[in-house]
Amino acid sequence: MSLAFDEYGRPFIIVEEQESKSRLKGIDALKANIAAGLSVARTLRTSLGPRGMDKMLQSPDGDITVTNDGATILEQMDVEHQVAKLMVSLSKSQDDEIGDGTTGVVVLAGALLEEASKLLDRGVHPTRIAEGFEAACEVCMPRLEAIADTVDITTNGHEELVQTAMTTLNSKIVHRMKRELADICVEAVLAVADLERRDVNLDLIKLDGKAGGKLEETKLVQGIVIDKDFSHPQMPKRVEDAKICILTCPFEPPKPKTKHKLDIDTVEQYTQMQEAEAAYFRDMVAAVKSSGANLVICQWGFDDEANHLLLKSELPAVRWVGGVELELIALATGGRIIPRFSEISASKLGKAGVVRELSFGTTHEHVIVLEGCAASKAVTIYVRGGNSMVVEEAKRSIHDALCVVRNLIRDSRIVYGGGAAEIACSLAVTEAAEAVTGVAQYAMRGFADALDSVAMALAENAGLQPIDTVTAVKAAQVASASPQLGIDCLGLGTNDMKAQNVREALASKQQQLLHATQMVRMLLKIDDVISRDEDP
């Protein structure tokens with residue numbers, strides 16, 4: 001596409017291959033983009049809140065995923081429209097930044113798009129709508145900070161952290177185990193947290209799991225769990241004061257880089273080859289032993305000859321360990337990943353208090369646990385479940401809870417959930433709109449209505465009358481000046497979210513509003529869409 005001028009100096013656009021492209025301009029382009037964004041938001045709307053519905057997603061390979069995590073649903077959905085892809089990236093950015101609120105941010109963006117569509121029908125210019133939404137968002141930020149409570153995360157056995165993690169788990173498939181899993185998440189985060197710097201490295205928390213057993217058997221391991229067993233069944237199952245050699249080179253003779261062929265005509269030649277291969281293996285084992293290592297963890301496999309020599313040399317070994325796990329082991333034990341046998345030295349060995357093999361379920365279910373790691377307090381949450389779908393969804397749920405606890409350690413301010421924060425912000429925006437003159441006040445009121453529609457989605461998913469419920473809660477908030485009143489989704493008999501211990505991190509709610517507003521502003525700036533038609 002390029003810009004040209006006619007003989008009168010008027011600009012016009014030249015589009016290459018015009019006949020093979022379709023084009024939407026002006027209000028039609030805006031309407032098409034809004035419709036695409038709304039279709040994605042409506043898919044997630046029914047998944048919002050503790051009574052939200054799950055989605056079943058089938059991959060092209062036939063794998064089934066059952067989840068109500070917004071980021072996972074959008075990631076696995078096959079969307080073609082570019083605006084729908086932007087909604088997917090919106091959820092992903094919320095997941096990367098905060099780790100929670102991935103469904104809420106898309107539902108809010110969809111509500112804003114719906115209000116923008118109504119304003120466009122009334123003749124309001126898109127730029128005015130975008131400016132009004134931005135002004136409303138700026139009203140919401142200080143309001144959220146004003147209604148936030150600062151919690152003391154160190155008192156009463158970290159109960160405040162546990163309650164906030166339970167709020168996150170309440171809307172997940174694992175909600176019947178929310179107390180136990182919240183305790184595990186808080187303990188895991190505190191084990192690796194640097195409370196002085198108020199920072200948490202989530203890379204030190206490994207989430208692993210295996211189908212089989214019950215969800216109640218999920219436990220926190222103070223160390224690293226590797227879903228492997230020792231390479232030889234006669235190797236010792238426990239290594240005290242482990243000095244670990246972490247290898248990314250295989251236990252096998254070197255191979256030429258070009259194609260090669262070896263002709264063996266006699267028994268003597270075969271014997272020589274066998275002795276040469278055994279000498280390679282002996283040199284490799286001797287290099288490891290001479291460094292003082294008493295455990296080998298290798299990224300690659302090794303054949304029976306090497307396995308036998310390792311056993312004879314009393315050198316326990318674990319093979320086929322993944323690259324990500326190797327990095328975590330090196331980080332936790334203080335060891336270096338060694339790419340060549342010639343570079344093995346005592347200074348590169350990792351150290352752990354004990355490395356042991358655990359058996360559970362049938363005799364074929366083995367995992368190796370590294371405990372007492374020297375360099376850091378790496379931990380593993382080992383999830384069990386009746387089938388792989390439950391295990392994977394439990395891992396996603398636990399990851400969200402871990403992120404929420406991390407956010408509270410960084411910033412210990414909370415707001416109350418159940419739509420209470422959205423309704424409080426809606427009231428603040430409506431009040432601010434009264435002081436605004438011109439068209440912008442219509443956009444600000446539209447923003448307030450969008451915030452109300454998030455609370456309506458919560459009520460609707462809980463089986464309540466959405467309009468009546470939200471209206472009653474808004475009236476109660478105004479009458480009592482209590483910003484903690486929200487939707488009683490669980491039917492506990494009170495709208496006081498503080499009494500129900502329904503909490504969300506302030507940072508999460510602020511990012512939801514900012515991300516959704518920026519996304520909608522960007523879409524309202526698009527007034528010309530040129531796309532290539534698909535070949536028939």
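Which hand does the crossing of α1 and α4 have? It's left-handed, where a crossing counts as left-handed if the near helix is turned anticlockwise from the far one by less than a right angle, and right-handed if clockwise. Keep in mind that this is a predicted model, so local features need pLDDT of at least 70 and side-chain atom pairs count only at pLDDT 80 or more, while totals for chains, interfaces and linings use all residues. Residues are numbered from 1 along each chain as its sequence is written, and side-chain values use heavy atoms, with hydrogens and water left out.

**Helix pairs**

- Helix α1 (residues 26–45) packs on α4 at an angle of about 145°, with the axes 8 Å apart; axes are lines fitted to C-alpha atoms, for helices over the stretch in contact, and angles run from 0 to 180 degrees between N-to-C directions.
- On the α1 side the contact includes I27, L30, K31 and I34, and on the α4 side T103, V106, V107 and G110 are among the residues involved; contact means heavy atoms within 4.5 Å.
- By class, that α1–α4 contact has twelve nonpolar, four polar and five charged residues, with Ala, Val, Leu, Ile, Met, Phe, Trp, Tyr, Cys and Pro counted as nonpolar, Asp, Glu, Lys and Arg as charged, and the others, Gly among them, as polar.
- Helix α4 (residues 102–121) also packs with helix α5 (residues 126–147), at about 140° and with axes 10 Å apart.
- α4 and α5 are therefore oblique to each other, given that angles under 35 degrees count as roughly parallel, over 145 as roughly antiparallel, 65 to 115 as roughly perpendicular and the rest as oblique.
- The α4–α5 crossing is right-handed.
- L112, E115, A116, L119 and L120 of α4 meet P126, I129 and F133 of α5, a contact with seven nonpolar, no polar and one charged residues.
- α13 and helix α14 (residues 466–480) pack at about 125°, their axes 9 Å apart, which makes α13 oblique to α14.
- α13 passes α14 in a right-handed crossing, through D452, A455, M456, A459 and E460 of α13 and P466, I467, T469, V470 and K474 of α14.
- Sorted by class, the α13–α14 contact holds six nonpolar, one polar and three charged residues.

**The largest pocket**

- The largest pocket has about 590 Å³ of space; a pocket is an open set of points on a 1 Å grid over the protein atoms alone, with protein on both sides within 12 Å along at least five of seven lines, and lining residues have an atom within 4 Å of a point.
- There are 22 lining residues, and D95, D96, R396, H399 and D400 are the closest to the centre.
- α2 (70–76), α3 (82–97), β9 (205–211) and α11 (388–410) each give two or more residues to this lining, and α11 gives the most, with seven.
- The pocket lining splits into eight nonpolar, five polar and nine charged residues.

**The largest cavity**

- The count comes to one cavity of 30 Å³ or more, a cavity being a set of grid points where a 1.4 Å probe fits but cannot get out.
- About 660 Å³ of space lies in the largest cavity.
- Of its 44 lining residues, L48, G49, S171, L458 and E504 are the closest to the centre.
- Elements giving two or more residues to the cavity lining include α4, α11, α13 and α15 (506–524).
- The cavity lining has 17 nonpolar, 18 polar and nine charged residues.

Terms used: Grid points are joined across faces, edges and corners, and a volume is the space filled by probe spheres set on the points. Helices (H or I, at least four residues) and strands (E, at least two) are DSSP runs, numbered from the N terminus.
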